[in-house]
Amino acid sequence: MAKPWHDINIPSFYHAPKDVLSAPTKINTGVDDYPEDEKKSLPVEYRIKWVKPVEPCDGFRINKPFIIEGEIEPLVETITSPRIKIHPVGIYKGNEDEYFPNGIDAFPDKNGRFQVTCDHLFVPINYDEDSEKTPDATWDLVIRAIGKTAEKKSRSEPLTFPQPEKPFIELKKGHYDDNGAN
């Protein structure tokens, strides 16, 4: 009888002890993979000073990308740049809906600044599904930044959505300088 098929990318599958084969596996999500006692033993290397979303020139739009930027302050001399996990979180009626539960990786430059692109602005699920919401109902977007050896978590000021429409400016002939327009 043939042995059952297994992933060929696990070369030691048939040679591993049975307790290793039956051990539950865990997806590596970065910061939260460390046991609590090991997290406490990690030295604090930096402080996340601030994090915030940057409004695109045409305003925030649902399902359109936007930029998140921030800054860290090193507390000790480090050799490598730390990895920051960015979590855009939508809040509606006190319920939080994480858009990226595993986070977006950000790596600060030599000056401690980082910038990442969030590929979508999602509306919280419970906002879309709320059939009893009023026409003026709003939800908030908060950006959280977490680092493995950061002093503490950081979060942005909440942005309230939907935001008012930006006025559209139309230039008409005779209302601007032709030389400047060219």
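Two strands pair if DSSP finds at least two bridges between them. Helices (H or I, at least four residues) and strands (E, at least two) are DSSP runs, numbered from the N terminus. The structure is a predicted model, in which local features need pLDDT of at least 70 and side-chain atom pairs count only at pLDDT 80 or more, while totals for chains, interfaces and linings use all residues. Residues are numbered from 1 along each chain as its sequence is written, and side-chain values use heavy atoms, with hydrogens and water left out.

**Exercise 1. Determine the order and sense of the strands in the open sheet of 3 strands, and identify its edges.**

Step 1. The strand order is 1-2-6, and the pairing is antiparallel.

Step 2. Strand 1 and strand 6 each have a single partner strand and stand at the edges, so one side of each lacks a neighbour in the sheet.

Step 3. On average, neighbouring strands of this sheet are turned by 20° against each other, direction ignored. The axes behind such angles are lines fitted to C-alpha atoms, for helices over the stretch in contact; angles run from 0 to 180 degrees between N-to-C directions.

Step 4. Strand 2 and strand 6 run antiparallel and are joined by 6 bridges. Glu69 has Gln115 in strand 6 as its bridge partner.

**Exercise 2. Describe the hairpin of strand 3 and strand 4, and then the surroundings of Glu98.**

Step 1. Over 4 bridges, strand 3 pairs with strand 4 (residues 95-98) in the antiparallel sense. The bridge partner of Gly90 in strand 4 is Asp97.

Step 2. The hairpin has 2 residues between the strands, and Lys93 takes a positive phi near 55°.

Step 3. Glu98 lies in strand 4 and is partly exposed, with a relative accessible area of 37%. The classes are buried under 20% relative accessible area, exposed over 50% and partly exposed in between (1.4 Å probe, protein chains only).

Step 4. Apart from neighbours within four places in sequence, Glu98 is in contact (heavy atoms within 4.5 Å) with His87, Pro88 and Val89. The side chains of Glu98 and His87 are joined by a polar contact of 3.3 Å. A polar contact is a pair of N or O atoms within 3.5 Å; within protein, one must be able to donate a hydrogen and the other to accept it, and residues adjacent in sequence count only if both atoms are side-chain atoms.

**Exercise 3. Classify the aromatic pair of Phe60 and Phe161 and that of Tyr99 and Phe122.**

Step 1. Rings of Phe, Tyr and Trp (its six-membered ring) pair if their centres lie within 6.5 Å; planes under 30 degrees apart count as stacked, over 60 as edge-to-face and the rest as tilted. By this rule there are 6 aromatic pairs.

Step 2. Phe60 and Phe161 lie 5.5 Å apart, centre to centre, with 85° between the planes, and form an edge-to-face pair. Phe60 is in the loop between strand 1 and strand 2, and Phe161 is in strand 9 (residues 159-161), 101 residues apart. Phe60 is buried at a relative accessible area of 11%, as is Phe161 at 4%.

Step 3. The ring centres of Tyr99 and Phe122 are 5.8 Å apart and the planes stand at 55°, so this pair is tilted. Tyr99 counts as buried at 11% relative accessibility, whereas Phe122 counts as partly exposed at 29%.

Step 4. Phe60, Phe66, Trp139 and Phe161 form one aromatic cluster.
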